[in-house]
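Let's take a walk through this structure together, helix by helix. Have the sequence and the 3D view ready.

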Amino acid sequence: MHNDLMTRSPLPAVIAVTATLVTSLAAACSSAPSAAPARSAPPTVKDTGPVYVTGARSDDNACTRVVSAIGYIELDLLPAGQEDVQPFDTNLRGRFGYLEGTIAMYGAHLPDTLKPATDTMNRIAHILSSPATTPGSRPGYLREYRRASGKVTKTCKQA
């Protein structure tokens with residue numbers, strides 16, 4: 001009879017099992033362990049400055065990080081030549097903000113020949129991440145960004 005009731009009414013069974021688990025966990029958590037297990041110290045990472053990119057380390061390859069941020073933006077961009085109809089929603093603006101943080105963290109570690117292109121990308125990323133940027137100016141900035149990001153991507157792939 002008990003199994004028959006649980007088959008026809010699974011909700012009471014779920015509530016009973018959940019209550020049993022909660023009671024068991026509460027009891028286990030309230031009792032102090034007799035001896036704490038030995039834990040090894042987490043590996044240390046050399047901190048050489050602020051982290052602007054989640055999960056990034058200051059010693060990561062700069063080209064890899066910046067090209068990855070460029071690719072992250074590309075996921076939301078229409079093909080080249082369609083800049084005039086490119087929508088600029090909060091997602092795309094956030095991706096340009098991510099690029100700006102990536103450049104802040106890794107730009108100085110890119111090849112010196114990329115400084116002008118990196119500076120251009122950084123300036124434009126700041127502009128295009130802002131919701132205050134006028135819609136009419138965005139296509140021109142996007143074209144300029146594409147030229148600069150193309151130089152960075154090409155040079156980093158050759159490095």
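What covers the buried residues of α4? The cover includes α3, α5 and α6. Before going further, a word on the ground rules: this is a predicted model, where local features need pLDDT of at least 70, side-chain atom pairs count only at pLDDT 80 or more, and totals for chains, interfaces and linings use all residues. Residues are numbered from 1 along each chain as its sequence is written, and side-chain values use heavy atoms, with hydrogens and water left out.

Let's start with α4 itself. Helices here are DSSP runs (H or I, at least four residues), numbered from the N terminus. Helix α4 spans residues 90-106, which makes 17 residues. From its first C-alpha to its last it reaches 24 Å, close to the 24 Å expected at 1.5 Å a residue; the expected span is 1.5 Å times one less than the number of residues. Its buried residues are L92, R93, R95, F96, L99, G101, T102, I103, M105 and Y106. Buried means under 20% relative accessible area, exposed over 50%, and partly exposed in between, with a 1.4 Å probe and protein chains only. Look at G101 in particular: it is located in helix α4 and counts as buried because its relative accessible area is 13%. The C-alpha atom of G101 is separated by 9.8 Å from that of V66, 35 residues apart along the chain.

Now turn to the partners of α5. Two packed helices are described by the angle between their axes and the distance between the axes. The axes of α4 and α5 come within 8 Å and cross at roughly 145°; axes are lines fitted to C-alpha atoms, for helices over the stretch in contact, with angles running from 0 to 180 degrees between N-to-C directions. On the α4 side, R93, F96, L99, E100 and I103 meet T118, M121, N122, A125, H126 and L128 of α5, where contact means heavy atoms within 4.5 Å.

α5 also packs against α6, at an angle of about 145° and with the axes 9 Å apart. Among the α5 residues that meet α6 are A117, T118, M121 and L128, and the α6 residues there include Y141, L142, Y145, A148 and V152.

Which residues does T118 touch, leaving aside its neighbours within four places in sequence? They are I103, G107, L110 and V152. T118 is in helix α5, residues 115-128, and its relative accessibility is 5%, so T118 counts as buried.

Finally, find the disulfide, a pair of cysteine sulfur atoms within 2.5 Å. A search of the whole structure finds one, joining C63 to C156 with an S to S distance of 2.1 Å. C63 lies in helix α3 (residues 62-74) and C156 in helix α6 (residues 138-158), so the pair ties together parts that are 93 residues apart in sequence. The torsion about the S-S bond is about -70°, so this disulfide is left-handed. C63 is buried because its relative accessibility is 12%, and C156 is buried with a relative accessible area of 10%.

One last stop in α6 is G150. G150 counts as partly exposed because its relative accessible area is 36%. Its C-alpha atom is separated by 9.5 Å from that of V67, 83 residues apart along the chain.

Technical notes:
Helix = DSSP H or I, 4+ residues; strand = E, 2+ residues; numbered from the N terminus.
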